Amino acid sequence: MSVEKSDILFINQVKIMKVKFNYCVGAAALAAFGMFGCSEDEKPTVTPGEDVQARYIIASTPTTSEGVADYLLTAEDLSSGTISTVGNGIEQDGTYRYYVTNNNKFFSLLYGQGNPGAVTTYQLDENGALQKLSDFQSETVQVFAPVNDDILMMKIPRSGAEDASWYQLDTDLLQIKANGLTNIVDVASNGERAHFTWLTQVGEKVYAPYMSIKGCCNDTFGTSYPDSAWVAVYDYPSMNLEKVIKDNRISYIGRYFTNGLVEVENGDAYAFSSAVATSNGVATSTSPSAFVRIKAGETEFDQDYYFNVEDVADGYHVTNQTYLGLGNFVVFMHNEKGAYTTGKRLGILNVYDETFTWVSGTPAVEEITNVTTNNYSLMDGKTAFIGFTTTEGSYVYQVDAQSATASRGLKVEGGTITAISRLAVAE
Amino acid sequence: MKHTKELILLYIFLLMHFPILAQQVLKGKVKDAKGEQLPGVLVRDTATNKGTVTDLNGEFSFPLTSQSSLTLEFTSMGYQSTQVNVNPETSTYLQIQMEENAQDLNEVTVTGKSIVKEIKEKAFNVDVVDARKLHNTTLDIGHALDRVSGVRVRESGGVGSTMNFSLNGFTGKQVKFFIDGIPMDNFGSSFQLNNLPINLAERIEVYKGVVPVGLGADALGGAVNIITNQAGKSYLDISYSYGSFNTHKTVINTAYVAPSGFTFQMNAFQNYSDNDYWVTVDVADINTGKYYPDQTVRRFNDTYHNETLITQIGVQNKPYADKLLLGLTVGKNYKEIQTGARLVSVFGDWNRNGTILMPTLKYRKEDLITKGLNVTLNANYNFGSEQNIDTVHRRYNWFQQYLEYDTPGGERSYTLYKYQNNNALLTANADYSFGAHHAISFSNVINSFDREGTNELFPDQNLYEKPQKSQKNISGLSYRYQANDQFNISLFGKNYLQANYFALAYNPSGNYGDVAYRNEKETFSYQGYGFAATYFFGDNLQLKGSFEKSYRLPEPEELFGDMVNLQGNLDLKPESSYNYNLGASYWKTMGPSHRMEIGGNVFYRDAKDFIRPRLNNNQTMQVMDNLFNVTNIGVEGELRYFYKQSFTLGANITYQSLRNNTQYEEGQTVESVVYRDRIPNMPYFYGNADASYTFENFIKEGKRLVIGYNLLYVHAFYLYWPSLGSDKFGVPEQLSHDLNMTYTFGKQNRFQFTAECRNIFDKKIYDNFSLQKPGRNVSGKIRYFIY
């Protein structure tokens with residue numbers, strides 16, 4: 001499948017394999033400014049004969065303004081060491097890319113400003129290196145999530161056309177096996193349009209929480225309904241809309257491009273709201289940031305469950321989450337409401353016990369310039385790896401839920417961390 | 001300098017001996033001893049002192065006032081002047097042979113300079129394209145500029161495709177374009193580099209880094225001034241070409257200038273192309289997205305055509321005006337959109353169109369009120385519009401298969417958005433020379449913009465389209481001191497003033513149809529300055545130095561957005577730069593037949609607050625921002641060799657080191673990993689070479705065949721930062737060869753036929769990552785002209 005691909009790339013995409021000489025020269029030029037040499041650590045860190053089981057995958061974006069591409073790096077261990085994109089890493093085409101892992105394959109999706117583009121796919125070879133599988137074509141999508149062995153993607157118009165397109169990617173065949181439309185004005189049925197914040201598989205169904213948006217009038221992402229949450233429930237794989245469920249105790253679930261709904265081990269789904277709806281650029285949600293529940297097998301919000309996060313977290317609200325297992329979440333907390341801000345303080349939140357603890361050991365808030373939102377969890381109930389960029393550089397922090405502490409691990413030179421994932425060696 | 005007036009010698013044949021009754025003109029031809037036709041020979045009636053000059057073919061016609069005999073004197077530099085007695089009753093056609101001045105012809109220095117040469121010798125770092133030499137080709141102005149050192153014109157496809165012009169590392173709007181000194185701001189898509197034929201221009205001046213105040217604009221890194229035919233007299237020039245990919249191009253340029261000074265000028269041109277050239281691409285299965293690798297397919301949604309008519313009417317050489325012309329430019333273009341930023345993004349129905357409807361006024365008067373005071377005034381207003389049409393709800397692949405949906409939608413973004421910018425422009429220049437050594441000039445440009453847009457698909461939204469106005473006023477003052485023939489210097493200052501008015505419309509209540517406005521106003525004022533100086537060492541060597549602190553003000557589009565893909569940013573600051581040039585040129589004639597010109601230039605640019613696109617917060621639109629600083633140090637060199645009139649060989653080469661000069665990214669205390677790295681996705685080493693050979697008297701006496709060759713080289717470059725990653729994307733080296741052959745024939749050599757072949761070796765060439773340009777393509781052009 002991947003053999004003839006290298007030729008294609010050369011002709012069609014003009015991929016240039018950079019020879020060692022070149023990046024030594026480049027690095028030497030940088031060394032002249034006291035930064036880097038052409039040292040050993042730029043070589044692949046593979047020791048031949050070593051029995052490789054798995055590798056962490058880190059996507060890094062340079063902190064600069066133009067000509068920005070992501071680089072995929074591999075690391076054996078996230079708890080210590082240094083890794084760099086200087087002369088190292090697989091360049092990804094396109095400034096804004098998003099990553100998702102399913103079926104032990106790592107997918108790199110282009111956010112192409114509405115244009116279709118190639119999705120590149122990697123698996124891990126026996127040397128612990130990323131090996132490219134065949135590309136396939138996809139549209140620019142706003143949400144994408146694993147469902148069974150597929151990746152379900154949706155392209156959602158924010159104005160104009162009323163149909164969102166969905167695509168089901170078969171991760172074995174690396175092809176789109178089905179596609180269709182869903183009318184988002186009909187889904188919202190309040191005169192606005194449903195803009196899905198994310199998709200989550202719950203049981204055999206797909207739950208699609210959405211924000212209601214005006215989609216017009218110089219206030220595309222504003223809404224006149226700031227204090228309601230909705231989830232569109234789709235049958236899978238038919239993608240028939242079964243129902244839309246609503247809850248007026250919270251504002252919309254998740255945020256733009258952010259997963260706000262998670263199925264836990266017993267089949268219940270927990271969802272958070274940041275309460276950051278706006279109208280004409282002014283924050284209008286009055287309900288606090290909170291978690292709610294949809295019980296397994298039921299397609300209604302559980303009116304007996306409501307966890308007001310702001311009450312227990314000094315007024316901070318949840319902006320993002322990483323699920324750890326056993327009801328524990330790492331939550332990203334912020335004290336100023338904003339539709340696109342990412343919380344720089346971490347908390348451990350248990351949805352079963354409705355408890356919240358601040359995490360210590362993360363960088364000082366005023367020094368943080370970026371927090372990674374696509375992070376990796378061991379799903380052991382306690383361990384997650386979260387990326388932070390401070391004024392001094394980027395690091396992976398290992399979070400331990402039991403002690404509610406974070407410790408600084410791998411240093412990533414060359415930019416911010418956009419995603420942390422893990423692949424086992426392919427069969 | 002040896003001075004001139006060489007004279008004497010004669011020789012006359014009266015070949016035709018048959019009598020003629022009444023004759024109005026006396027015709028003839030002047031040749032040298034070898035039978036070469038002699039242009040530019042002065043023919044004078046010694047009695048009346050009236051005269052004429054021989055044309056390019058050595059021919060002349062002399063109006064007769066009576067049938068009595070007269071004495072004609074023939075004078076030309078380097079030849080002995082000759083007197084001939086003519087009896088018009090017996091002579092109808094004179095054959096004159098002039099002898100070279102045996103004494104010192106080899107030491108004669110021609111002091112007359114072409115305008116091209118005069119401009120090149122200015123203190124500014126300027127390159128001049130003599131467009132007349134390219135009138136036989138099918139080039140558009142963009143491609144002609146691509147042959148200038150320091151310039152790279154990158155295009156995304158075939159005829160009519162988007163062109164990105166770069167000059168010494170500055171790109172896009174950082175370099176300003178002018179036509180006859182009038183800024184081409186907001187002329188719209190119907191009047192651009194990619195659709196203006198080279199035949200429209202007489203010459204093109206490329207000012208690098210330092211721009212004279214006469215070209216009043218906020219250019220950050222230079223300016224290009226396209227000079228059209230100035231219509232001093234009547235002429236006609238018609239051409240038509242046909243070529244690969246069903247490409248048709250027609251140009252009609254004509255002017256009528258009456259003895260009274262009444263002037264009518266018309267330029268009409270048309271381009272049409274299917275642009276259905278072959279590309280090699282991975283074709284996605286329309287249902288599964290699976291790629292069929294390495295397929296060779298034709299482009300199928302890439303038709304481009306434009307039609308433009310420029311008319312001007314007025315007077316010349318009147319006491320109140322040397323030139324007063326009222327004009328109207330009318331045009332439109334249609335462009336199908338085949339791909340997005342990558343070849344794999346393919347569209348089948350999306351298209352755009354644009355119109356231009358622009359009344360113009362041109363006024364020029366020399367010695368107004370007092371001798372030495374020259375005044376120029378230009379005004380225009382563009383009523384043109386642009387529209388984006390994406391209303392077919394389909395998804396295409398490169399096999400032209402598609403999936404169609406029966407609901408309203410588009411291929412990319414469902415729209416019929418249409419806007420017009422209502423751009424008004426007023427430029428005024430005055431220069432005044434006093435004494436033998438001093439000149440001052442002043443220029444002022446007022447530019448106003450008032451966008452109106454509608455989307456007929458969503459009429460409710462039109463309520464929220466609100467006034468977006470911007471006004472720019474740029475004035476410049478310069479003083480020029482001409483010490484002597486060897487040295488002159490110009491000092492100048494410029495003032496940039498911008499006022500932006502923006503009424504942001506929104507819906508205050510959420511109720512249908514409610515609208516309210518937030519008003520914003522911003523004004524900026526900045527000052528730039530610079531100088532340009534030159535010194536001649538003897539007759540063969542010139543040194544030039546120039547400097548400018550320049551600004552480019554944000555364009556209205558960058559401030560207000562385009563309501564489609566670009567979000568406005570009212571906080572944009574201007575880009576600024578310190579530009580330095582140091583150059584030398586040397587020319588030498590070796591013996592009677594060899595001539596050589598060598599030029600070189602070193603430049604340095606130190607620019608701040610580059611305006612570049614980034615994605616907005618929710619990554620649905622682009623927004624322009626002041627993002628980073630760059631420096632660029634570079635060299636460019638040019639060499640040209642002439643052998644008599646028959647052979648020329650030229651080459652130029654440019655190398656630039658464009659570096660990221662942003663040491664700390666916002667919020668970072670550690671140095672940026674790409675600080676001082678080479679700016680990616682910019683060609684940095686490139687050049688052109690050309691050669692041409694002229695066969696005189698080819699097939700027939702007096703007919704001429706010219707064979708020309710052109711080579712383009714661009715070194716490979718990386719798409720993203722060179723220092724990062726080990727497995728990278730890039731644009732490979734480009735090497736393309738073009739050949740053309742022009743045969744000039746017909747009565748008085750008024751016909752020209754040209755055959756052209758571009759990209760002879762059918763190489764895959766790319767200017768932009770993954771976007772292939774056309775392979776081998778051929779065209780033929782026929783041209784008829786009377787000057």
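# A walk through a predicted two-chain model

Among the contacts in chain A between residues at least 6 apart in sequence, 49% join residues at least 24 apart, where two residues are in contact if their C-beta atoms, placed from the backbone, lie within 7 Å. This is a predicted model, in which local features need pLDDT of at least 70 and side-chain atom pairs count only at pLDDT 80 or more, while totals for chains, interfaces and linings use all residues. Residues are numbered from 1 along each chain as its sequence is written, and chains are lettered from A and ligands numbered from 1 in the order in which they are written. For the complex, the predictor gives an ipTM of 0.84 together with a pTM of 0.83.

Chain A has four helices and 35 strands; helices (H or I, at least four residues) and strands (E, at least two) are DSSP runs, numbered from the N terminus. Of its 427 residues, 54% count as buried, a word that applies if 20 or more other C-beta atoms lie within 10 Å of a residue's own, whereas a residue is exposed if 12 or fewer do and partly exposed in between, with C-beta atoms placed from the backbone.

One part of chain A to look at is an open sheet of four strands, which follow the order β11-β12-β13-β14 with antiparallel pairing; two strands pair if DSSP finds at least two bridges between them. At the edges of this sheet stand β11 (143–147) and β14 (175–183) of chain A, each of which pairs on one side only. On average, neighbouring strands here are turned by 20° against each other, direction ignored, the axes being lines fitted to C-alpha atoms (for helices over the stretch in contact), with angles that run from 0 to 180 degrees between N-to-C directions.

Within this sheet, strand β12 (residues 150–155) of chain A runs antiparallel to strand β13 (residues 163–170) of chain A, and six bridges join the two. Ile151(A) has Leu169(A) of β13(A) standing opposite. On to the next pair: β13(A) and β14(A) are antiparallel as well, paired over eight bridges, and Asp163(A) finds its bridge partner in Asn183(A) of β14(A). These two strands, β13(A) and β14(A), form a hairpin with four residues between them, and in the turn Leu174(A) has a positive phi of about 55°.

Elsewhere in chain A, is Gly94(A) buried or exposed? Gly94(A) counts as buried because it has 24 C-beta neighbours inside 10 Å, and its place is in the loop between β5 (90–91) and β6 (97–102) of chain A. Leu109(A) is 15 residues away from Gly94(A) along the chain, and their C-alpha atoms are separated by 9.3 Å.

Chain B has a mean pLDDT of 86, with 91% of its residues at 70 or more; pLDDT is the predictor's confidence in each residue, from 0 to 100. Over residues 1–23 of chain B, however, the pLDDT is below 50, and this stretch has 45 contacts in the model beyond near neighbours in sequence. Residues 104–111 of chain B also have a pLDDT below 50, with 14 contacts of that kind. Where pLDDT is low, the predicted coordinates should not be read in detail.

The secondary structure of chain B comprises three helices and 49 strands. The chain is as compact as a globular protein of its length, because its radius of gyration of 29 Å is close to the 28 Å that the globule rule gives for 787 residues; this radius is taken over C-alpha atoms, and the rule is 2.2 Å times the number of residues to the power 0.38. Along its principal axes, the C-alpha trace of chain B spans about 95 × 60 × 50 Å, and 42% of the 787 residues count as buried.

The assignment for chain B gives domain 1 (12–107), domain 2 (115–228) and domain 3 (235–257 + 266–290 + 308–399 + 416–786), with bounds that come from an automatic or database domain assignment. The centres of domain 1 and domain 3 of chain B, taken over C-alpha atoms, are 47 Å apart.

Finally, Ser576(B) lies in strand β37 (residues 575–590) of chain B and counts as buried because it has 20 C-beta neighbours inside 10 Å. Leaving aside residues up to four places away in sequence, Ser576(B) touches Ser550(B), Tyr551(B), Ala607(B), Lys608(B) and Asp609(B).
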